[in-house]
Amino acid sequence: MNTSFSNSQANGQGELVSSLELLDTRLRWLSSWMVHNANHIRPKRDGLKVGGHQASCASMTAIMAALYFHALRPQDKVAVKPHAGPVLHAIHYLLGNQTLDKMQRFRGLGGVQSYPSRTKDAIPVDFSTGSVGLGVAVTAFTSLVQDYLIAHGAVKEEDAGRMIALMGDAELDEGNIYECLIEGYKHDLRNCWWIVDYNRQSLDSTTADRMFRRFDDIFETCGWRVITLKYGKRQREAFARPGGKTLEEWIDNCPNAEFAALTYQGGAAWRERLMADIGKKPHVKKLLDSFDDEALSALMTNLGGHCMESLIEAFDSAQDDRPTLFIAYTVKGFGLPLAGHKDNHSGMMNPAQMEQFRASLGIAEGTEWERWCGLGDNAAAQLQAFVDASPLASKAPEPVAPAVPVPARLPTPEGADQSTQAAFGRILLDLAKSGEALADRIVTTAPDVTQTTNLGAFVNQRGLFRRQELADVFHKAKIPSAQKWAQHAAGQHIELGIAENNFFIMLASLGLAAPHFGTRLLPIGTVYDPFISRGLDALNYGCYQDSRFLLVGTPSGLTLAAEGGAHQSINTPLIGMGQPNLAYFEPAYADELALIMRWAFDYMQQDDGSSVYLRLSTRSIPQIAREDSGWEGDALKGGYWLRRPAPGAEAAIVFTGVVAPEALDAWEQLAEDMPGLGLLNVTSPDLLHRGWSASRAGRWTGEASGPSHAEQLLSALAPGAGLVTVLDGSPGALSWLGGVRGMRVSPLGTDRFGQTGDLYDLYHEYRLDADAIIDAAAELFLRN
């Protein structure tokens with residue numbers, strides 16, 4: 001197909017539409033060929049299907065061509081639906097940002113990732129996607145972050161960008177989207193577009209017909225403008241002809257599944273069905289007879305999401321800051337032999353079909369990867385110039401935000417008895433009152449648990465963030481309250497409802513402020529520790545994007561006592577250990593917490609840093625006197641000897657967190673009978689385990705760097721010594737220590753749901769008290 005621009009398209013809107021239509025075809029080809037190459041041409045050593053989603057890409061190419069090469073501005077950011085990832089890479093291939101090598105290695109090691117990834121793809125990716133729904137919601141929360149930065153003078157109002165989500169219609173089934181809608185309405189969301197590829201086909205089924213207009217209602221109720229692109233220009237022209245109104249009504253009433261089936265069957269099937277249903281109505285036969293089968297098929301699938309004029313008009317009509325939902329009707333697999341087929345979600349063209357597709361585009365064999373293959377020289381040059389002149393071509397790289405200075409030390413709260421949760425609140429309050437630059441960059445948030453997680457004092461000092469100032473009614477009425485929460489643009493706490501998915505996506509958005517907007521924020525989010533599990537997908541999503549935040553889970557464990565089993569976290573230490581890009585600590589004492597928080601604020605800003613998770617408790621325990629600061633370095637590596645063992649000692653008690661008094665009590669009782677007994681305080685099972693694991697792997701990769709910190713600590717004991725491990729959480733978080741040097745282990749912890757009761761009863765029932773530790777030590781040695 002040696003395509004060139006006609007005289008009628010030589011300028012203005014016609015040239016724009018023509019260029020975008022050519023790009024639409026080009027993106028459909030490149031994304032399809034990328035998947036085909038990976039599955040049918042590239043050698044396979046394992047014999048497994050590589051996969052890819054040719055049909056899901058094809059339904060989006062017109063939308064993405066119009067968006068990226070017309071509507072998008074340099075300050076806008078886009079989350080691309082996961083299955084359209086190849087289209088995004090094709091766009092950047094045309095822009096010169098993606099290499100042929102990586103395209104040819106699609107879904108292979110070092111190649112284009114299956115779904116857009118900020119950290120693993122080489123092209124600019126604003127938001128990682130993959131877990132459906134989360135990439136949609138993150139755009140709304142990033143808009144709120146942008147408003148926060150505008151209000152704090154870090155972003156100019158005139159530089160505000162739109163946060164745009166390209167989503168499949170099946171993502172509208174995800175509950176977190178509607179939680180996000182509610183939160184967005186509360187915070188007066190703006191500068192947000194969600195564009196729905198409404199192809200009405202998902203992996204297992206077609207969209208229920210009764211959902212028509214329901215999405216409009218839901219979004220309009222939440223303050224969104226809804227723009228529906230159902231019919232393309234050719235369809236609208238046909239509807240204006242005699243018999244056209246009848247045809248329009250038939251399309252409106254055609255069930256989604258039947259529309260898809262007829263699309264796959266083609267023009268003859270369309271004609272037969274239309275003649276059977278409405279052929280005897282006035283003017284319909286004449287209208288249908290004016291199209292041959294190929295043209296009739298093209299007319300019936302000329303939906304708004306494939307019509308460039310319709311897309312341009314829709315995007316151009318929404319130039320204010322009102323949140324907007326575009327529902328773009330499309331055909332899944334548009335332009336491919338897979339179009340409309342029930343199984344096209346994971347299906348792909350076979351070699352014969354791909355050969356036919358290639359030939360239909362005039363692409364010579366061997367030129368498939370050329371950017372403008374199949375086009376004449378003039379058309380190719382004009383299209384290249386069009387791409388080079390697009391705003392996206394001049395988009396600057398993501399900014400590198402300056403580091404926020406961190407004080408050399410954070411003061412330790414005073415008090416003979418303290419809980420880590422209370423100490424956390426006091427450390428934050430001291431920071432809020434200080435003149436440190438760090439305090440101005442802290443942003444706090446919580447899913448409606450601000451007071452009960454000890455964020456209240458910080459909020460009292462720094463205020464809640466609202467773009468429009470709201471007075472504290474209770475304060476004005478002189479009604480006594482511990483909460484003095486003024487809401488204003490300078491506030492530093494973002495209030496959220498009880499939805500942990502929203503909470504974690506908010507943290508992810510705040511933690512990406514540095515690369516997104518050039519201003520580093522240090523987000524702190526608090527949540528009841530057992531309810532971390534309610535937002536695990538969103539937590540993983542934030543960590544996968546390398547967002548940086550401080551997560552505080554509190555209260556935790558059986559120590560929550562009277563709240564009962566559903567509020568007593570068990571497996572969160574294992575979550576902290578197993579989650580990549582999240583460093584988990586569980587301090588026992590207030591001075592440990594101050595030390596770790598200071599470390600966390602610095603570590604969150606390092607190139608090789610990550611987010612940090614602190615597991616805290618409401619239990620007040622006696623603090624201990626320190627002779628010096630020699631313990632601090634080891635504490636930041638994951639553990640230190642609270643009571644150093646004698647050389648060659650045969651045993652040690654190993655504890656983490658709030659069970660410190662029980663561990664210390666048992667140590668004191670056993671020390672006489674077990675001379676040289678050690679007491680090891682593990683401040684981070686996570687860092688200890690990762691260091692040990694990395695050390696083991698280094699032996700095979702040639703990157704060995706000496707013994708890990710866990711090995712160094714346990715080398716103070718005799719070979720084959722016994723360990724009693726104990727923590728208020730899953731015993732697996734510490735029991736692995738026996739494998740470091742081949743030691744016997746008696747693990748204590750919680751591995752079943754708790755119940756109500758006071759602390760003494762529960763610690764006795766679940767074997768966390770000093771007697772249990774003593775019994776475990778005896779059992780350890782009697783058995784041997």
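Me: At what angle do the axes of helix H22 and helix H24 cross, and how close do they come?

Reply: This is a predicted model. In it, the axes of H22 (residues 500–511) and H24 (residues 536–544) cross at roughly 10° and come within 8 Å.

Me: Why is H22 called roughly parallel to H24?

Reply: Angles under 35 degrees count as roughly parallel. The axes cross at roughly 10°. So H22 is roughly parallel to H24.

Me: Which residues in H22 and H24 meet?

Reply: From H22 come Asn501, Phe504, Ile505 and Ala508. On the H24 side they meet Ala538, Leu539 and Gly542. The cut-off for contact is heavy atoms within 4.5 Å.

Me: How many nonpolar, polar and charged residues does the contact of H22 with H24 have?

Reply: Five are nonpolar, two are polar and none is charged. Gly counts as polar in this scheme.

Me: Which residues does the UniProt annotation "binding site" cover?

Reply: The unreviewed UniProt entry gives Asp169, Asn199 and Gln201.

Me: How do you know that they gather at one spot?

Reply: In sequence they span 33 residues. Yet no two of their C-alpha atoms are more than 8.0 Å apart, so they gather at one spot. Of these residues, Asn199 and Gln201 are included in the lining of the largest cavity.

Me: Where is Asp169 placed?

Reply: Asp169 sits in the loop between strand E2 (163–168) and helix H7 (175–186).

Me: What are the bounds of domain 1 and domain 4 in the domain assignment?

Reply: Domain 1 is given as 1–232 + 303–394, and domain 4 as 640–782. Their C-alpha centres lie 52 Å apart.

How values were computed
Residues numbered from 1 in each chain as written. Predicted model: local features only at pLDDT ≥ 70, side-chain atom pairs only at ≥ 80, totals over all residues. Heavy atoms only, no water. Axes fitted to C-alpha atoms, helices over the stretch in contact; angles between N-to-C directions. Helix = DSSP H or I, 4+ residues; strand = E, 2+ residues; numbered from the N terminus. Parallel < 35°, antiparallel > 145°, perpendicular 65-115°, else oblique. Domains from an automatic or database assignment. UniProt positions renumbered as here; feature names shortened; annotations may be inferred. 1 Å grid on protein atoms, 1.4 Å probe; cavity = no way out; pocket = protein on both sides within 12 Å on 5 of 7 lines; lining within 4 Å.
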